[in-house]
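Dear colleague,

I am passing on a structure for you to look at, and below it you will find my notes, written out slowly so that you can follow each point on the model itself.

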Amino acid sequence: MSIRRPLIGLLVLAHLALPGLWPVASPPPARAQAVDVFLNVTGGGARKLNIAIPEFTVTTGADPGGNGKLVASVAGNDLTFSGLFSVVAATGAIPAHNQDALRQSWKEFAAAGAHAGVHGLLALRGERAEVEMRLYDLTSPDHRLIGSKKFDLPAAQMRRLGHKVADEVVLQFTGEPGIADTKIAYVVGPAGAKEIVIADYDGAATMPVTRNGSINLSPVWSPDARSLAFVSYKQGYPDLYRAFPFERRPDQTLAAFGGINSSPAFSPDGRSLAMTLSKDGNPEIYVLNLASGAIRRLTRHAGIDTEPTWAPTGRQIAFVSDRTGVPHVYVMDAEGANVRQVTSSGFHTQPRWSPRGDTIAYTQRAGAHDIWVVDIDGSNPRRVTSGGDNQGPTWAPSGRHIAFQSNRLGRWQIFAVLVDGSAAAAITKGNAESTSPSWSPRLP
């Protein structure tokens, strides 16, 4: 017990004094047509595609709560957030099974500048709800049907139906699903009382993950989006745990060695967890085999090595080390060999490898903190954020957005931005301090 106490303050300093501070399926032919429409209209994505999303038409059941309007609104907001689409304002629903009304509506939307339109049909059947999304090309003379898909979920998950519609639209036009049906985990609360919560990627539908009244930090999603690894002081020391927010399962203890247990990072295949341990006297990078419980040590240096992040291939790990006197980002093989320095000329922490594999996001301190990205060979560093203090990057599964914590509005909240630094949007709002975001993979 006494071995651990002198080291607790180090992790508290890293995570509490200043968050993040050192050390710390549609048919392929239809989709191909949609991609062709998108490229023809936008010139390869330089412009946004204008899309009309009228209120969804209720075909079965009563809708006193306005769910048809809600699903359309959620889907429209998702497509706007994507940065790929501009949503054409629309009120009222297009009648079902009325081709003349449909043609007239699409004609009017096309005249208003819409390139595509979504006709949504909503069936409410007691505790279930079914949405059918029909996507039309409004640039063609006959307003041809590009593709359609149905989604069935519990009626209580109406917002998720909107997210699924938006992700299908993105899939049809880009060949890759959208990111609306994802979650963000983050930490809520002041110093000394921090709990982990999860919410939809847009900040809605918040639900607690921890309720232990202790200090819980550094949530990170597993690749299957079923669990979260995190640091907790619930037993008095900084130990690593795994929570299963969508299942009735108790937390699983992952690492409770003497000293620091921190900086969890799942491998892309979900079989291993990289972490920082000081059990041998110095903070080093280790990898835990989740099935067997075996631990492998990867780094052996007198400096502090911490904050591992896996390449999407699983063959490399980036991490932070102050082995040259100042924290920088390094990359090594997954076995710990071939260490090379990636960043220089600065104070760099919190690396996160892009899902696309070509860049690493990190936090740079130069007075305040800002989010930067750099190519994996160390070239072309560029700044993503400005204004206030911005820390703790986490990538959307598409690699097009980064979420982070910022105090630009006076207190710590979660924001998201396109990787080019544009279209910053607040994810969390209110009086609570929100920090340490982790963006989930696409939900199963």
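The side chain of Thr313 comes to 3.2 Å from the backbone nitrogen of Arg315, a polar contact, that is, a pair of N or O atoms within 3.5 Å, where within protein one must be able to donate a hydrogen and the other to accept it, and residues adjacent in sequence count only if both atoms are side-chain atoms. This is a predicted model, in which local features need pLDDT of at least 70 and side-chain atom pairs pLDDT 80 or more, while totals for chains, interfaces and linings use all residues. Residues are numbered from 1 along each chain as its sequence is written, and side-chain values use heavy atoms, with hydrogens and water left out.

Thr313 lies in the loop between β18 (305-310) and β19 (316-321), strands being DSSP runs of E with at least two residues, numbered from the N terminus. Because its relative accessibility is 48%, Thr313 counts as partly exposed, the class between buried (under 20%) and exposed (over 50%), with a 1.4 Å probe and protein chains only. Pro355 is 42 residues from Thr313 in sequence, yet their C-alpha atoms are 9.3 Å apart.

Best wishes

Technical notes: Helices (H or I, at least four residues) and strands (E, at least two) are DSSP runs, numbered from the N terminus.
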